[in-house]
Amino acid sequence: CTSGTLTDRIYAPFIQYFKSLIEAWGPPENNLKHKQYYDYCQSNVDELLNVLKNDLEYKVIENFTTFHDIFKECLEKTCKLQTPKCSKRTMQNNPWITPGLISSITYQHQLYDDWVKVRKIKCKGGETDNKGGTCQCSTCSKKRTTYIKYSDYRRTLKKTRENIKSKYYTGKFLLTQGNSKKTWELINCIRGKQKRQIKPLFTINNEKVTNRRIIANEFNKYFVSLASNLNEAYNEIGELVVNNLPSFCDYLPHSNSSSIYMYECTADE
């Protein structure tokens with residue numbers, strides 16, 4: 001990046017690294033668990049690389065902050081969604097999923113909604129089967145047609161999804177061939193046995209903070225102020241100033257004059 005040019009050797013890890021860096025520096029407000037603000041499909045990544053190449057081809061980058069600003073501007077222009085998506089079907093949760101598959105799943109949901117609307121219509125002949133049953137009226141015929149269309153599409157999409165997932169992990173296993181450690185990491189990833197990547201959480205001024213940049217700045221302020229705080233603890237002569245310690249009586253409970261009761265003895269005692 002010092003020469004201000006990009007080569008064809010830039011690949012997906014480069015994009016993922018700067019994506020995580022931008023999110024760590026300034027995450028979106030009210031970020032939900034599965035809310036997607038950017039789409040890193042292959043077409044968007046290719047467009048991002050082309051835009052970066054055009055913007056940086058004849059520029060000399062003086063510092064990293066300048067490059068970061070240019071990269072973030074290009075990322076917003078090429079990969080940011082106009083309307084954020086809130087879904088579990090993301091590249092982070094399912095790395096094998098593709099934009100085409102997401103569109104197919106969305107269309108499947110539309111077919112299901114169409115069937116739900118049709119099946120709520122009551123049959124005049126008394127048929128109670130939501131799928132249309134054997135009644136030949138127009139309502140039940142429409143129920144059967146809508147359900148068959150939805151059912152066939154769901155079955156085909158399920159096979160397609162399994163094939164895409166299988167093909168993706170087959171390629172991953174081929175890449176880790178000969179490396180038992182990487183192979184077992186991939187197996188555990190498929191099984192769902194992964195270490196949770198918990199974001200650091202700190203409380204600053206009675207507010208929970210997860211932004212790593214703010215946390216780092218607060219740590220810097222703390223360690224920089226140690227010397228000045230220690231100097232303030234000594235007076236002009238060099239003696240350590242100790243505040244008046246509280247008396248031991250302050251830690252004792254309040255006295256109670258009626259804590260002991262005595263009665264006269266009787267003849268039976």
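Of the contacts in the protein with a separation of 6 or more, 57% are between residues 24 or more positions apart, where contact means heavy atoms within 4.5 Å. Before I go on, this is a predicted model: local features need pLDDT of at least 70 and side-chain atom pairs count only at pLDDT 80 or more, while totals for chains, interfaces and linings use all residues. Residues are numbered from 1 along each chain as its sequence is written, and side-chain values use heavy atoms, with hydrogens and water left out.

The protein has eight helices and four strands. These are DSSP runs, with helices being H or I of at least four residues and strands E of at least two, numbered from the N terminus. Along the sequence the pattern reads α-β-α-α-β-α-α-α-β-β-α-α.

Now burial. Of the 269 residues, 23% count as buried; buried is under 20% relative accessible area, exposed is over 50%, and partly exposed is in between, with a 1.4 Å probe and protein chains only.

Next, the nonpolar cores, each a set of buried Ala, Val, Leu, Ile, Met, Phe, Trp, Tyr and Cys residues joined through side-chain atoms within 4.5 Å. The largest has 16 residues, and within it Leu 48 and Leu 75 touch the most other members. Strand E1 (35–38), helix H2 (42–56) and helix H3 (64–78) each supply at least two of its residues. H2 gives the most, six residues. A second, separate core has eight residues, among them Trp 96, Ile 105, Leu 157 and Tyr 169.

How do H2 and H3 pack? Their angle is about 140° and their axes are 9 Å apart. Axes here are lines fitted to C-alpha atoms, for helices over the stretch in contact, and angles run from 0 to 180 degrees between N-to-C directions. That makes H2 oblique to H3, because under 35 degrees counts as roughly parallel, over 145 as roughly antiparallel, 65 to 115 as roughly perpendicular, and the rest as oblique.

On the H2 side, the residues in this contact include Leu 48, Val 51 and Leu 52, and on the H3 side they include Phe 67, Phe 71 and Leu 75.

Last, the loop between strand E3 (202–204) and strand E4 (207–209), where Asn 206 lies. Most residues other than glycine have a negative phi. Asn 206 has a positive phi, near 60°. Is Asn 206 buried or exposed? Its relative accessibility is 77%, so Asn 206 counts as exposed.
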